[in-house]
Amino acid sequence: MSNLFVLALLIGISNACHAASLPTTNNVQLFAERRLSSFLLEATARNSPRNIVCFEEYLPKLNQLTDEYEQAYGSCLNATANSKQRVESEVAKDRSNVEALAEDVCQLYSKCSTVVASADFFECYFNASEQAAVNSYTIQTTSKSKSQYIQLRYQTIQYDETVCTDTCKATYVEETAKTYAELDKCLAGLSA
């Protein structure tokens, strides 16, 4: 009985540590932990040499499913990060152009502040403000357009991430449920 208890304890610790590292919502983690706890309690109560054989067969399968889930979930997150980086690359030239126009506006006004004669001073600001207005309008229209574009692209990226991670979670839950069902049959002596 003590060997079975030690085996069950080690399996529980192994899966608890493994489940704790999952990049998931708490619902998926709780599902895995509760199922494993249930099986460990039942196996300990049955106290059969068959339990060791069953756990030796199904624990690696459960761990592999967890590893596959972690990789798939990580791939979803990597795809999101890559997509956001592509958006940043797409708008980088527009961002540089807006920054350059803003600097030009500042320089136009900065030059005028050094003019000593009042007539020249106001004439400089008058001329600078015309060019600044053109630059400001370009900044405004470009910024509005690119802001809307980025928001739309990010919404699509977030949607794609949600679909991807939800698919990973569903696959993980379905596959682990099947494996637990097979483990349960093994523990009950209904399968080899």
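**Salt bridges, pair by pair**

Mentor: Glu 99 is partly exposed, at a relative accessible area of 41%; partly exposed lies between buried (under 20%) and exposed (over 50%), with a 1.4 Å probe and protein chains only. The model is predicted, so local features need pLDDT of at least 70 and side-chain atom pairs count only at pLDDT 80 or more, while totals for chains, interfaces and linings use all residues. Residues are numbered from 1 along each chain as its sequence is written, and side-chain values use heavy atoms, without hydrogens and water.

Glu 99 forms a salt bridge with Arg 95, and their closest N and O atoms are 3.6 Å apart. The term means a side-chain nitrogen of Lys or Arg within 4 Å of a carboxyl oxygen of Asp or Glu; by this rule the count is five. Arg 95 is exposed, at 54%.

Glu 57 is partly exposed at 30%, and Lys 61 is partly exposed at 36%.

Lys 146 pairs with Asp 94, with closest N and O atoms 3.3 Å apart. This pair links distant parts of the chain, helix α4 for Lys 146 and helix α3 for Asp 94, 52 residues apart. Lys 146 is partly exposed at 27%, as is Asp 94 at 22%.

Note on methods. Helix = DSSP H or I, 4+ residues; strand = E, 2+ residues; numbered from the N terminus.
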